[in-house]
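Hi,

Here is the model I promised to send over.

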Amino acid sequence: MAVNSPTSRCAAQLSRSLAPRSPLPFSNRTFTRPGIRPDPATPRLVSVRSQTPSPDAFRSKRPVGLGEPEAPIGSSGSSSTSSAIDFLTLCHSLKTTKRKGWVNHGIKGESIADHMYRMALMSLIAGDIPGLNRERCIKIAIVHDIAEAIVGDITPSDGVPKKEKSRMEEAALNEMCVVLGGGMRAEEIKELWAEYENNSSIEANLVKDFDKVEMILQALEYEMEHGKVLDEFFISTAGKFQTDLGKSWAAEIISRRNTRLGKSHN
């Protein structure tokens with residue numbers, strides 16, 4: 001909002017400070033995520049908690065009477081600040097939702113955010129590759145599973161067709177970008193997610209490989225920690241790496257696993 005003078009600015013600030021405060025916007029708010037029915041081809045939205053908000057519940061509510069237009073994301077306006085915190089609070093579930101592949105094996109360890117964080121580290125330490133933008137790889141790694149904040153971790157064992165899974169995640173991503181308030185940052189998130197989903201760049205190729213590399217590295221670590229044999233994760237990724245770096249890192253992990261399994265059987 002434009003302000004014509006310091007006096008009017010102070011008056012506006014004083015007016016805000018005296019306005020009655022509403023409860024914190026997320027204190028009683030819950031979000032929905034598409035659940036998986038016994039019939040895997042017809043997933044539907046169900047509440048993951050006891051309350052389900054209306055679509056408008058995601059939007060920031062302004063006190064009546066202030067009259068300022070919503071400020072763009074990245075400005076110092078209260079609306080953009082509220083939208084940012086709403087978005088970050090929604091992303092909290094990425095830290096608490098456990099990756100289902102491990103849960104199915106009785107391991108409740110790694111969260112979705114844990115997985116994305118180590119993929120971002122992989123992108124950070126990747127060696128120089130001609131034409132590769134490592135910073136973009138880091139961004140893609142951070143964004144690629146972000147829609148799981150709403151839909152959860154949908155795995156092949158859920159029986160959801162790949163096309164339907166992508167549709168559900170895109171709808172969730174669009175909803176999250178509404179929470180963020182739209183604007184340049186929201187559009188960037190959509191672009192990065194689509195780039196990964198469509199495997200449409202060398203950066204996406206590498207991050208796709210890192211997704212698999214991180215999974216088999218975690219599988220090896222869980223095998224060592226829990227005394228399990230998690231063959232399915234290695235079998236499902238065999239021959240599917242696209243880049244030389246991805247193939248090299250995967251080969252090193254598999255070599256270490258084979259050495260360990262060889263020793264354990266001696």
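Helices here are DSSP runs of H or I at least four residues long, strands are runs of E of at least two, and both are numbered from the N terminus. Keep in mind that this is a predicted model, so to speak of its limits: local features need pLDDT of at least 70, side-chain atom pairs count only at pLDDT 80 or more, and totals for chains, interfaces and linings use all residues. Residues are numbered from 1 along each chain as its sequence is written, and side-chain values use heavy atoms, with hydrogens and water left out.

Asp 145 is buried (under 20% relative accessible area, where exposed is over 50% and partly exposed is in between, with a 1.4 Å probe and protein chains only). Even so, Asp 145 has no salt bridge, a salt bridge being a side-chain nitrogen of Lys or Arg within 4 Å of a carboxyl oxygen of Asp or Glu. The nearest side chain of opposite charge is Arg 99, 4.2 Å away; Lys and Arg count as positive here, Asp and Glu as negative, and His and the chain ends are not counted. Leaving aside neighbours within four places in sequence, Asp 145 is in contact (heavy atoms within 4.5 Å) with Leu 94, Arg 99, Ile 112, His 115 and Met 116.

The other is Asp 158, in the loop between α7 and α8. Asp 158 is buried too, at 15% relative accessible area, but this one does have a partner: its side chain forms a salt bridge with Lys 100 (3.0 Å, N to O). That pair links distant parts of the chain, with Lys 100 sitting in helix α4 (residues 100-103), 58 residues apart from Asp 158. Their C-alpha atoms are separated by 9.8 Å, and Lys 100 is partly exposed at 25%.

The count comes to 13 salt bridges. Which side chain does Lys 139 meet in a salt bridge? It is Glu 188, at 2.8 Å, N to O. Lys 139 is in helix α6 and Glu 188 in helix α9 (residues 184-197), so this pair ties together parts 49 residues apart in sequence. Lys 139 is partly exposed at 40%, and Glu 188 is partly exposed at 25%.

Glu 223 and Arg 257 also meet in a salt bridge (2.7 Å, N to O). Glu 223 lies in helix α10 and Arg 257 in helix α12 (residues 244-264), so parts 34 residues apart in sequence are tied together. Both ends are buried: Glu 223 has 0% relative accessibility and Arg 257 has 7%. Salt bridges with shared partners also join Arg 118, Glu 214 and Glu 221 into one network.

Ile 146 touches Phe 87, Cys 91, Leu 94, Met 116, Leu 173 and Met 176, not counting residues up to four places away in sequence.

Lastly, helix α8 (residues 162-180): among its buried residues are Met 168, Leu 173 and Met 176. Just after α8, Gly 181 takes a positive phi of about 100°.

Cheers
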